[in-house]
Amino acid sequence: MDGKALRAESQPEETLDFGILPELIGYHVRRAQLYLFADFARTMADAQITPGQFGVLSLVAANPGLTQSALARAVRIERSTMVAVIDALQGRGLVERKPSPVDRRSNALMLTAQGRAILDKVIPLVRAHERRMARNLSAGDKERLIELLPRLTD
């Protein structure tokens, strides 16, 4: 290791020169995501629900009969990845696949009673998590942030 690398390794973060990083939206979004996901994981430790699983359960609950393909498009993941997510949730008894009434080649996704119960249990935890994460934002700031972030992906 050279001397510069050694100095950087032992240097406290608050004295580091972050170069271009503080100017980048992606840098700040990623740091925020890491912070948010760490708190979410602590919050959901007993329920063993990840942010992605919570999103899937929420979408299936709000859209009974949703196909795996439509769900994968909605959360912007590959269909093969969605199959694994649904397999895991089905294995836990939270989601079930039923033949689609409109397309025999597709499965309609439904929450089970157990899936509904766990979603009902974790929604208050998610709301508390959201309050913690937004504690330094005014209501207007939070509203504006929620309005702005989707513009990055449109």
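**Close-up views of a predicted model**

At 48% relative accessibility, Lys121 counts as partly exposed, because that value falls between the limits of under 20% for buried and over 50% for exposed. The model shown here and in the other views is predicted.

**View A. Lys121 and Ala47.** Lys121 is part of helix H6. Its sequence separation from Ala47 is 74 residues, while the C-alpha atoms of Lys121 and Ala47 are 8.5 Å apart in space.

**View B. Gln48, in the loop between H2 and H3.** Gln48 belongs to the loop that runs between H2 and H3. The phi angle of Gln48 is positive, near 55°, and the residue is not a glycine. Gln48 has 56% relative accessibility and so counts as exposed, the limit for that class being over 50%.

**View C. Helix H4 and its two faces.** Helix H4 spans residues 68-75, and its buried residues are Gln68, Leu71 and Ala72. These three lie on the same side of H4 because they cover an arc of only 100° around the axis. On the face turned away from the buried side, H4 carries the exposed residues Arg73 and Ala74.

**View D. Arg76, after helix H4.** Arg76 follows H4 and lies in the loop between H4 and H5. Arg76 is not a glycine, yet its phi is positive, at about 60°. With 60% relative accessibility, Arg76 counts as exposed.

**View E. The largest nonpolar core.** In soluble globular proteins, nonpolar side chains tend to be buried together. The largest nonpolar core of this model has 22 residues, and Ile49, Leu57, Leu71 and Val95 are the ones that touch the most other members. Two or more residues of this core come from each of H3, H4, H5, E3 and H6. Leaving aside residues up to four places away in sequence, Leu57 touches Ile49, Leu89, Leu94, Val95, Leu111, Ile118 and Leu119.

**View F. The largest pocket.** The largest pocket holds about 1,500 Å³ of space. Its lining is made of 34 residues, and those nearest the centre of the pocket are Gln33, Leu36, Phe37, Glu130 and Leu149. The elements that give two or more residues to this lining are helix H2 (25-43), H3, helix H6 (113-133) and helix H7 (139-148). H2 gives the most, with ten residues. By class, the lining of the largest pocket has 21 nonpolar, seven polar and six charged residues.

**View G. The second largest pocket.** About 160 Å³ of space lies in the second largest pocket. The residues lining this pocket are Thr67, Gln68, Ser69, Arg79, Ser80, Val83, Arg105, Ser106 and Asn107. At least two lining residues come from each of H4 and H5, and H5 gives the most, with three. The lining of the second largest pocket divides into one nonpolar, six polar and two charged residues.

How values were computed: Residues are numbered from 1 along each chain as its sequence is written. This is a predicted model: local features need pLDDT of at least 70, side-chain atom pairs count only at pLDDT 80 or more; totals for chains, interfaces and linings use all residues. Side-chain values use heavy atoms; hydrogens and water are left out. Buried means under 20% relative accessible area, exposed over 50%, partly exposed in between (1.4 Å probe, protein chains only). Helices (H or I, at least four residues) and strands (E, at least two) are DSSP runs, numbered from the N terminus. The arc is that of the directions from the helix axis to the C-beta atoms. On a 1 Å grid over the protein atoms alone, a cavity is a set of points where a 1.4 Å probe fits but cannot get out, and a pocket is an open set with protein on both sides within 12 Å along at least five of seven lines; lining residues have an atom within 4 Å of a point. Grid points are joined across faces, edges and corners, and a volume is the space filled by probe spheres set on the points. Ala, Val, Leu, Ile, Met, Phe, Trp, Tyr, Cys and Pro count as nonpolar, Asp, Glu, Lys and Arg as charged, and the others, Gly among them, as polar. A nonpolar core is a set of buried Ala, Val, Leu, Ile, Met, Phe, Trp, Tyr and Cys residues joined through side-chain atoms within 4.5 Å. Contact means heavy atoms within 4.5 Å.
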